[in-house]
Amino acid sequence: MDDTTKRFVQRLMKRIPAPMLRATLDKWDRLTREQKKSMDFTQSKWALTEKMLAFSEENELTAKHLTELEMIYIIDNPNKGMWYAFQLMDPQDDAHSVELIQFKEQFKSHLRELVRHVSIKIKKHTDEAVWIRIAWGDAFTRPNHLKPTYVVHYLHSPYVFVTSLTLKQKPLLSQALVLATRYQAIKDANLSGRKLTAIRDLLMRKYQQVFPTKYPSPLPENNQNPHIEKEQAEPAANRLQMACEAFGSGMLPQLQSAVYKLETKFRDHSNQTMSEREEPFRCVVKFESTNLLESLRHCASSGIASTPVTPLLSCIPQKGRNYFVITDNGPGPSARMRQPQN
């Protein structure tokens with residue numbers, strides 16, 4: 001085993017949490033029954049890593065075999081890292097007929113024409129998602145398995161989700177995806193988050209979107225002052241209705257942030273220096289939460305935020321994006337593509 005493969009094993013063992021290690025290795029099925037029985041999962045990660053290194057050497061496992069283990073863990077735990085959504089544009093007439101085998105062959109062929117040294121592994125998940133793992137190299141260096149890019153694409157849909165992609169790699173991946181899917185272009189969907197399932201559900205409308213128009217407000221029978229309770233209940237019911245009409249009434253996709261970039265002329269007669277600037281005034285407002293949409297809905301329904309909900313916030317689930325540029329002409333999606341970073 002060379003040093004690169006050894007580092008890959010060490011990095012992989014460090015990445016997989018101890019409670020998930022047994023189940024992940026069982027799915028991998030590259031160790032013998034005796035080898036798996038000999039692993040004591042109550043031991044330290046260091047001891048388990050040493051055993052894994054010994055088994056890898058004994059079984060003559062290569063980087064190709066180890067990438068299978070990594071993919072099993074990542075597919076089972078997709079809500080890691082920062083995911084960016086992209087949308088394929090202008091499908092060709094035969095785009096709807098592209099099947100998995102054809103897609104795999106075309107994607108690998110096109111990407112290998114663009115990159116001399118690249119390692120590509122493609123696997124279809126049970127939910128019809130096609131998972132792609134790419135270890136990038138170049139004309140002079142071998143693929144770096146320690147920093148792979150992961151791509152998730154649902155065949156016959158225009159959406160692609162990517163994590164760990166650099167600026168240099170982006171045009172290469174974009175071209176290979178466009179050619180393999182039989183589309184003509186790809187654009188940034190202006191949607192990102194740390195939970196792949198959340199941005200997928202938001203963009204592909206896979207969450208409950210039934211917006212009720214009326215909420216009953218039953219009053220407790222033993223209330224000593226029903227008139228006061230009624231006066232308080234009616235505004236609360238109205239706030240709840242408006243909040244749910246804006247964001248939905250069920251479980252919401254767990255976005256962590258929304259970014260608004262303001263680009264406008266500075267207007268202040270007392271400050272000629274700023275007002276006469278040709279460049280627009282720019283600032284960024286960022287909302288962050290462990291569950292941003294749920295937090296916004298709660299703020300509106302509880303009266304913390306005013307209702308009706310401003311379109312600047314309610315358009316997050318409606319338009320399926322969380323990055324906006326606000327100009328003098330009003331709010332709108334960014335005209336420029338944000339670049340995902342490592």
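Biologist: What covers the buried residues of helix 2?

Modeller: Helix 1 (3–15), helix 3 (33–38), helix 4 and helix 5 are included in that cover. Contact here means heavy atoms within 4.5 Å. Helices are DSSP runs of H or I with at least four residues, strands are E runs of at least two, and both are numbered from the N terminus. By the way, this is a predicted model, where local features need pLDDT of at least 70, side-chain atom pairs count only at pLDDT 80 or more, and totals for chains, interfaces and linings use all residues. Residues are numbered from 1 along each chain as its sequence is written, and side-chain values use heavy atoms, leaving out hydrogens and water.

Biologist: Which residues of helix 2 are buried?

Modeller: In helix 2 (residues 18–28) they are Leu 21, Thr 24, Leu 25 and Trp 28. They span an arc of only 100° around the axis, so they sit on the same side of helix 2. That arc is taken from the directions from the helix axis to the C-beta atoms. Pro 19 and Lys 27 are exposed, on the face turned away from the buried side.

Biologist: Why is Asn 190 called buried?

Modeller: Buried means under 20% relative accessible area, exposed over 50%, partly exposed in between (1.4 Å probe, protein chains only). Asn 190 has 3%, so it counts as buried. Asn 190 belongs to strand 6 (residues 183–193).
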